[in-house]
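Open the model in your viewer and keep the selection panel at hand. The tour starts at a pocket and then moves to a set of paired strands.

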Amino acid sequence: MRIKSFAACCVSGILALSLVACGGSNQAKEESVKEESAEVQETKDAKQEKDTKQDEQETKSEAKEEKKDERQVLGTEDEGAVEIALTNGLEKQIVSVSLRATGEESYANNLLSEEGSIAAGEEVRLFVAANAAEDATYDVLVKVEGEDADVEFAEVPLASISKATLMQGDDVAYVDYTTTSGEEGSTKDAAVARKQAAEEAAAAEAAAQQEAQDAGAEQYYEPEPVQEEYYYEPVQEYYEPEPAPVEAPSETGQSEDACAGDVVLRY
């Protein structure tokens, strides 16, 4: 009897252990499924977030390109050409833009169209030839609406910059720029130095001319007045001789001779 009871207890224990084991196994499977579902969901969320960001970037890029295309283009957009975002920082409208390599005598033709212009604060796209050296500089000549004299921006490193703003101040024209490597720069100091050198050279030339005039004045002698000589053309007077009186013949009809010195008179 005791043996049967012990056997029954053993069987009951085994069954209980089996149930516990089965329960634990099912719970583990459920947790594993939940973890897999969470990983799948994270992957989906990450992919969706990535796609959203990519779409946003593409949208921004498209919007940027559309905005970029609306700007005026100066120069030729050849392959490899340097593109510069050029801004009119002057207070008036620009109606003409010409370039030349520094050192050349003449400027090229106007890069704007016949009726084209750049408003104050407007940004345009300027293209510089691809064959230009990185340290090459250019002179930029612009005509401002309402101004008689053109404005020249000298020695601008257009071949190595990505942004440029045309400026005026302290009686000089200069360019503030950003290089292709992101460094900030300006031609203002060089423009001020050129202006001072030109003024000093002009002052030296004026002083030399004044000195030469003063030296010439010290060596100048007033010439004595020259007495003018007059020539009178002699005048020849002509008198018409009076005719000799003629006497009538005598009544006798005979001639009479009379001597008057060496002259014989006949009557």
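Start with the second largest pocket, which holds about 200 Å³ of space. This is a predicted model. Select L99, A108, F127, A129 and Y138: of the 14 residues in the lining, these come closest to the pocket's centre.

Which strand gives the most to this lining? Colour β4 to see: it supplies three residues. β4 covers residues 123-128.

Now colour the lining by class. Nine residues are nonpolar, three are polar and two are charged.

Select β7, residues 161-169, together with β2, residues 82-88. Do they run parallel or antiparallel? The pairing of β2 and β7 is parallel, over four bridges. Zoom in on T87: it stands opposite T165 in β7.

Keep T165 selected and bring in β8. On this side, T165 stands opposite D176 of β8. Strand β8 spans residues 172-179. Its pairing with β7 is antiparallel, and eight bridges join the two.

Last stop: the hairpin of β7 and β8. How many residues lie between the strands? There are two.

To review the strand part, show β2, β7 and β8 together. β7 pairs with β2 in the parallel sense and with β8 in the antiparallel sense. T165 in β7 stands opposite T87 and also opposite D176.

Notes:
Residues are numbered from 1 along each chain as its sequence is written. This is a predicted model: local features need pLDDT of at least 70, side-chain atom pairs count only at pLDDT 80 or more; totals for chains, interfaces and linings use all residues. Side-chain values use heavy atoms; hydrogens and water are left out. Two strands pair if DSSP finds at least two bridges between them. On a 1 Å grid over the protein atoms alone, a cavity is a set of points where a 1.4 Å probe fits but cannot get out, and a pocket is an open set with protein on both sides within 12 Å along at least five of seven lines; lining residues have an atom within 4 Å of a point. Grid points are joined across faces, edges and corners, and a volume is the space filled by probe spheres set on the points. Ala, Val, Leu, Ile, Met, Phe, Trp, Tyr, Cys and Pro count as nonpolar, Asp, Glu, Lys and Arg as charged, and the others, Gly among them, as polar.
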